[in-house]
Amino acid sequence: MMSCAINQRKKGFTQPMKEEETAMNLDDKVKALKEHQKKLKAYNHAASLLFYDASTSMPAGAAESMSATTGVLSGEIYSLTVNPEFKTLLEDLYGQRQELDFQTRREVEELNEEQVKMAKVPKEEVVAMEEAQTKANHYWEVAKKNNDFSIFAPHLEKLIAMKKRYAEYINPGGDVYDTLLNEFEKGMTKAQMDSFFDALREKLVPLIQAVGAVQQPDTSFLTGPFDLEAQKELSEYVMDVMGIDKERCILRETEHPFTIEFSKNDVRITTKYLEEDLTSNLYSVIHESGHGMYELSIDDALQFSVLGAGATTAIHESQSRLWENYIGRSLPFCQLIFPKVKELFPAQMKDVTAEAFYRVVNVAKPSLIRTDADELTYALHVMVRYEIEKRMFDGTLSVSELPAEWNRLYKEYLGIDVPDDTRGVLQDAHWAGGAFGYFPSYALGTAYSAQIYAVLREAVDVDACCKKGDFAPVCQWLTEKIYRHGMLYTADELIQMTCGKPFNPAYYVDYLEKKFKNLYAL
């Protein structure tokens with residue numbers, strides 16, 4: 001996920017080496033590389049566990065000490081990545097990369113890019129950033145719960161300044177936001193995303209307006225209360241239906257749902273239960289299970305490799321959104337799970353049919369919360385964040401102006417008034433974690449998934465899988481095409497390999513137009 005220019009190291013010998021000695025020497029270097037990756041993996045495992053703990057169970061008073069601990073760990077990871085011995089090893093292997101097997105060559109390329117890039121950033125800056133992000137995440141939660149942006153504002157201001165310095169370190173003189181976008185999706189630029197969002201806006205805004213002029217179905221049966229224990233049972237049921245291996249994947253609660261993997265045999269997904277809203281948790285669990293399915297299915301050969309993770313953030317989002325929306329909100333899937341929904345919530349679902357349930361979970365109308373947004377308006381939520389991030393990093397929008405600008409854009413893009421900062425500028429955890437530039441990959445990933453889903457349906461009878469409650473054929477196809485490869489291939493390569501053609505956002509627009517024109521009889 002990181003990139004930088006690679007410098008090759010010239011090597012000379014006083015006398016020619018025998019072929020056997022060269023091969024043995026290369027083998028030793030490869031062995032050292034593999035061992036180093038295992039060590040890096042172990043340190044990152046520990047750091048990820050601390051993040052998971054901080055997000056799910058850490059007592060509020062522990063924020064400062066947790067920040068210090070994560071800072072120390074980040075410094076150790078930095079030292080493992082940026083040191084003379086490892087630098088020499090990578091340069092030597094990079095010079096001999098054509099002699100390596102494909103996986104090892106890709107490992108060398110990724111690690112060398114990361115090493116070259118991080119060597120430009122002072123260690124103390126990396127440690128300070130990790131400490132700041134840990135603190136910011138805590139104070140974001142406090143601010144959100146108290147509807148008080150001022151609690152989070154100074155921490156956000158500090159993170160923005162740090163990210164500006166970081167971007168200048170790794171890409172001197174370059175556009176700051178382009179540099180941050182590239183951290184999540186290699187090669188992504190504002191120019192590309194502007195073009196992508198302009199194309200979506202041109203097609204989707206008229207459709208959203210047309211849908212808005214039509215009478216909406218009755219959604220009253222999805223108004224709570226919905227017993228939280230029953231919701232937890234539904235969550236476990238849905239994970240079972242999708243085929244999640246619970247020996248290797250667990251579900252816990254948090255303020256903002258996320259998925260984290262420590263290895264392909266230890267994946268943690270999270271959700272948030274709301275008594276007044278059944279579908280928020282339901283589709284959150286399906287979404288995060290989609291992320292989890294990806295991580296659980298990466299090839300065993302990549303378990304201790306730097307390549308043992310999803311290809312890019314957008315590719316990862318393509319898989320969570322594919323399960324959440326393209327499968328999870330389909331009529332056959334709703335027909336599959338509705339008997340369980342009715343069993344758990346008999347009073348609310350007394351006179352409701354599976355078809356009515358399907359219709360209501362696909363209602364399209366402007367809303368406040370991105371994670372609960374319908375498929376049709378979802379991209380507009382991402383556009384709001386994208387426009388704000390661009391201005392945060394070009395100096396035309398200050399932190400103090402963020403809440404008002406957020407509210408203005410929600411009124412302009414979605415036509416709704418934001419009642420408070422908890423449901424406005426404070427709703428997402430990403431900025432508290434320093435993930436500036438991440439949001440666009442949600443929309444890009446959703447568009448990727450439309451194209452992937454179209455090809456999936458040509459190969460697998462997805463509707464039949466829903467009727468049988470057996471998604472093994474879907475999982476097998478996705479594993480073969482995407483999951484197992486981890487980071488071996490770029491996003492462009494994966495799309496080409498899977499779909500037989502380059503990425504085309506028209507698949508996404510066509511899918512939305514067909515689905516919502518049919519739902520609303522347009």
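Reader: Which residues does histidine 287 touch, not counting those up to four places away in sequence?
Author: Histidine 287 touches Glu317, Ser320, Arg321 and Glu324, where contact means heavy atoms within 4.5 Å. This is a predicted model, in which local features need pLDDT of at least 70, side-chain atom pairs count only at pLDDT 80 or more, and totals for chains, interfaces and linings use all residues. Residues are numbered from 1 along each chain as its sequence is written, and side-chain values use heavy atoms, with hydrogens and water left out.

Reader: Is histidine 287 buried or exposed?
Author: Histidine 287 counts as buried because its relative accessibility is 10%; buried means under 20% relative accessible area, exposed over 50%, and partly exposed in between (1.4 Å probe, protein chains only).

Reader: And where is histidine 291?
Author: Histidine 291 is in helix α10, which comprises residues 278-296 and also holds histidine 287. Helices here are DSSP runs of H or I with at least four residues, numbered from the N terminus. Histidine 291 is buried, at 7% relative accessible area.

Reader: Which residues does the "binding site" annotation cover?
Author: The unreviewed UniProt entry lists His287, His291 and Glu317; positions follow the numbering used here, feature names are shortened, and annotations may be inferred rather than shown by experiment. These residues span 31 residues in sequence, yet no two of their C-alpha atoms are more than 8.8 Å apart, so they gather at one spot.

Reader: Changing topic, where is isoleucine 416?
Author: Isoleucine 416 sits in the loop between α15 (402-414) and α16 (440-459). The C-alpha atoms of isoleucine 416 and serine 367 are separated by 7.3 Å, although the two are 49 residues apart along the chain.

How values were computed
Helix = DSSP H or I, 4+ residues; strand = E, 2+ residues; numbered from the N terminus.
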